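Hi there,

Here is the structure I promised to pass on. Please have a look, and then read on for some notes on what turned up in it.

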Amino acid sequence: MKKAAAKPDAVDSDACRMLLDGRIKDPHSILGMHTVEDGIVVRVYDPAAEKIFILAGGRRFPAEKIAGAGLFSVTFPGKKKHFDYIVEKHFGNGEVFSSEDPYHFLPGIGEMDMYLFNSGEHHKVYEVMGAHPRKMGTVDGVLFAVWAPNAERVSVIGDFNCWDGRRNMMRLMGSSGIWELFIPALQPGDIYKYEIRTRNGDILTKLDPCAQRTELRPHNAGRIPSAEPYPWTDAEWLERRGKTNILESPVNIYEVHLASWRGPGLRKLDPENKDDFHNYRELAHALADYIREMGYTHIELLPVCEHPLDQSWGYQVTGFYAPTARYGTPEDFAYFIDYMHQKGIGVILDWVPAHFPKDSFSLGRFDGTALYEHADPRQGEHRDWGTYIFNYGRNEVRNFLIGSALYWFDKFHVDGLRVDAVASMLYLNYSRNDGDWIPNKYGGNENLEAIAFLRRLNELAHEQFPGIMMIAEESTSWPGVSRPAYLGGLGFTFKWNMGWMHDTLEYFALDPIYRSFSHGKITFSLFYAFTENFVLPLSHDEVVHGKKSLLDKMPGDYQQKFANLRALFSYMTTHPGKKLLFMGGEFGQWIEWNCNAGLDWMLLDYPQHAAMKRLSADLNHFYRENPSLWEVDFTASGFQWLDGGDFRQSILSYIRWNRDHTDAVVVILNLTPVVRNDYITGVPFPGEWVEVFNSDASEYGGTGLLNPGVMKTEEGIYHGQAQHIRLRLPWLGAVFLKQKKK
């Protein structure tokens, strides 16, 4: 290699000034290795370096300062071909840092990636945007890519460059709005952010929107994710899931807030240490054991996407691609799901595309403009929540959100997403006064862009991951929420039945003496039960903010409260629709849920609470073992009233049928504290019938008013059936009957 010449480097003065001012969009045009008229020049910029050497061909070449502080140059006269080299930086404190030059690499993001992202159709955007360990040629490092089309300059900052935005400035890729930079030598676990210079000169420090790993709050930087894929062992589960019709399968969901479950099998936490959390792996083992004991088919986790505020329960998301660091690493979270699948348990995540918080380090005004949100607060803010609303009409925003959903299915094998607050997305005037919203182009209040987004999201999710669930929390009568997009629906698999939940809880909260006057509340749900694919939710929202726990909602004295709750769970188990219950309800949590404290597991030392847990488990197992309770949930052929109009006695009776009507469960609910002796009910088959469940059994904390032995049918039409039987109905109780097997 020839000796470097001392001839001054003729660097472009305008570009150099932009670089030194921190306003350059293409630092690679100056920095790195370039062919010049008389050879090759290498330029390096580091305003903190006192001396810089270029190491190449076994020699060290001193660089000279040019055109201002921090810009160094070495010219290699006569050279024509580019070559590998190392930059060696010397600092005033005596430290020396050596690495490959970040500005000596071609772009790591391709034209097709940019095109698909800008068109909103990059279905694996999570493999392009964000921070990814990558090998460029023979060099290991990390490729960064971020969308900030209105920024003057974007830099990667972190401990590795003393959080100095002048040191690792990124390059803007044409008109895509994407900035990228490959930085050699960075390792998984290193922390980073983006420093963004806005058009008005403000300097913003932002979390990577596509960060796949983050710091534990209150810190909020991204972390470089692992380069190694998680070694999954759930191939058999995924194959079976893809072949299963979930609509005709048992779905009984246990809703969990990971921080406050703190159930059996977990170590004791230090109450003085706010950051003493159970980790994902501990939780996997303890929760799986409990779920198997209790008989639930799935768990649904309150949002595990990264969020800064514990009291938000995860609904104020700042990391749409990052499992919260509260419980460990992304690999730990993958282990959690993998272990659940090994134990036959599905995992649903609560996912929040309806809004995002205004935290300055996050998505809001990301590049100094309303990038992810609308600029007009009438479109871009939820005033009552203090959050921003996504601009669903912008291709890149739509791609960011769809990418997030597909990411959890692809990289973490989740079995479903429950989409929060869908109603707030569908209506432009959601929770707004007149004059505080902007109609759509037809003058209506429907958010056409959000509708298109949801349809596309559901199409892609079901197409790419057969057997998964997309569940809408939608609280209005919007038609076709759980109908396919090609039929004009939104394309969700299921919809939460909020009407059933409100009516049912209002009915059960009544003193039984008044229930006969409100009988319609308990029967009305069957008028619309088959208009959507419903999930019956008794969720976390119903046991907070002064609403009382489920047990405490129930009227009457101590015994009556438990009897009412047993009847409620019996009714829920046998009503058409899939099921969801928030943690603690299954054993009669007495006080409201507190996200900062564990459930009151010590209640299981009291007989009534232990009995309630036993009832919940037996109901769950009975549900799973009887296809009549789940095989035909969404058409009227799976349900038949025996007597839905006995308002005077507050009794409900009905049949749940299997698909071919060869098996049936007869359900009778007596919702007053009066024992009904010699009660007559029609049954669909002649012969012998047995009581297969009675909520008043002594092992469930009841008084033991059972129907012993076999009950034989008598001829005579009753409740529209050709035969009937006589039995005793316990007070505030439920009885399930089945034909005796031969």
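Predicted model: local features only at pLDDT ≥ 70, side-chain atom pairs only at ≥ 80, totals over all residues.

A salt bridge here is a side-chain nitrogen of Lys or Arg within 4 Å of a carboxyl oxygen of Asp or Glu.

Lys-578 and Asp-633 form another salt bridge, at 2.9 Å from N to O. Lys-578 belongs to strand 29 (residues 578–582) and Asp-633 to the loop between helix 16 (607–625) and strand 30 (639–646), so the pair ties together parts that are 55 residues apart in sequence. Both of these residues are buried.

In the salt bridge of Arg-267 with Asp-276 (3.1 Å, N to O), Arg-267 is partly exposed, with a relative accessible area of 36%, whereas Asp-276 is buried at 16%. There is also a network of salt bridges linking Arg-217, Asp-275, Glu-306, Asp-310 and Arg-326. Over the whole structure, the search finds 45 salt bridges.

Now for some helix packing. Helix 5 (residues 280–294) packs against helix 6 (residues 330–342) at an angle of about 15°, and the axes are 8 Å apart. That angle makes the two helices roughly parallel. The residues of their contact divide into ten nonpolar, one polar and three charged.

Best wishes

Definitions and conventions: Residues numbered from 1 in each chain as written. Heavy atoms only, no water. Axes fitted to C-alpha atoms, helices over the stretch in contact; angles between N-to-C directions. Helix = DSSP H or I, 4+ residues; strand = E, 2+ residues; numbered from the N terminus. Parallel < 35°, antiparallel > 145°, perpendicular 65-115°, else oblique. Nonpolar A, V, L, I, M, F, W, Y, C, P; charged D, E, K, R; others polar. Buried < 20%, exposed > 50% of the residue type's maximum accessible area, 1.4 Å probe, protein only.
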